[in-house]
Amino acid sequence: MRFIYLSLLILFIHTGNAQKQFVHDDITYKDALVKAKQENKPVFIMLYATWCPHCNAMKNSTFQDAMVMAFLKDNYICVWKDIDKEEGLALKTKFDTKSLPSFLIVDANETVLYNLKGEIKTADFLNEIKNALNPKMQLPYLESVFMADPSNANKCLAYLNTLRKGRERVDLSKATHTYLATQSDAQLLTEMNWRIIANGVSDIKSHEFQYVLQHQKEFETVASADRVEKKIINIVTELLRPYTESLDTINYYKQREIAKTIKLQKTDSLIFSYDLTIAERSTNWGYYKKTTLDGTQKYMWNTPSILKEIGEVYLKNITDVESLKKSIEWVKRSLELNDSYDGNLLLSRLYIKIKDKKSALVYAKKAKAICKEMDWDSKDADALLAELK
């Protein structure tokens, strides 16, 4: 009896876990299209990667929800594809997917009806996959309605708002500029047109964005100073980040010159951060040194974490004493803003590097004192003190 009871318990637990796990149709994309036509259902595709934390979070939450699983099973032909495998990579390329996880809803003819991206909360996700079945909320319908009346701001915004759920801002550009071409410069200064510009303009050289820069104060009255500034910062980010991530230094420096034409402290600070990333990733320490010497105090003087990060890079990669002395000033400033154990250790090591052991000892002792006060492990401070004595 005990054996039977144990077997039943194991079966019950296994069944319970199985019910919580979303099991998709284990078929190829091509077979899914055939099945979609036979059953008159759209295909739901999740593109994911095993290393993607947002993908795994959704698998462990949203796709263990009984209502989500039941709705998908009843209304879609579902396939999950890993982009690191052959078919998943092909689909990623086919649908030009740049974000993970990515959710595509297509009909049997491979027309994209709806598109979602990123980690989405369970209730919101369920609402979206319900909306995706409504023909009047699908992309082909919204696009056709907008293109029939391209000067209609409401129809343009409705299309853009749905399109941006699954696409990058650059993918909104065509529709955005189709609408904006129907507007005079004076007409751009409205709340609705600002929303369209904010959602869909991604080209820093476009007439509309340059008009925003030239009339920033006027746009701040129809939107807000924060919203306008955020848009300007986003434009610079979208311009420079791809080249930083791909380490395409040639195009980065070309686009950087365009970004520098925007004369704002916050965009200059952003460019400074990208310059440091490019220099560090390409191990161009000469450029890193020049950039930090020119801009650290101007852009990062009140950011202790960045001041320490720059100090760490100098400790590892810069050798000339005068430059190291500047990095000591920056780390001292970080300690004025936030006295920290790691900052004192870093400062001590920088002093050792310029052969000022007396000053190094002062900051090693401060690091040790912080450890004692906080009851932390003082191994690194002790090692440094031993080295100095």
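Modeller: Strand β1 (residues 43–48) pairs with β2 in the parallel sense over six bridges. This is a predicted model, where local features need pLDDT of at least 70, side-chain atom pairs count only at pLDDT 80 or more, and totals for chains, interfaces and linings use all residues. Residues are numbered from 1 along each chain as its sequence is written, and side-chain values use heavy atoms, with hydrogens and water left out.

Colleague: What makes β1 and β2 a pair?

Modeller: Strands (DSSP runs of E, at least two residues; helices are runs of H or I, at least four) are numbered from the N terminus. Two of them pair if DSSP finds at least two bridges between them, and β1 and β2 have six, so they qualify. In one of the bridges, V43 has I77 of β2 as its partner.

Colleague: Why is one side of β2 (77–82) and of β4 (112–117) left without a neighbour in the sheet?

Modeller: The open sheet has four strands in the order β2-β1-β3-β4, with mixed pairing. β2 and β4 stand at its edges, each with a single partner strand, so one side of each has no neighbour there.

Colleague: Which residues touch the most other members of the largest nonpolar core?

Modeller: Among them are V43, F44 and F103, in a core of 39 residues. Such a core is a set of buried Ala, Val, Leu, Ile, Met, Phe, Trp, Tyr and Cys residues joined through side-chain atoms within 4.5 Å; buried means under 20% relative accessible area, exposed over 50%, partly exposed in between (1.4 Å probe, protein chains only). β1 gives the most to this core, six residues.
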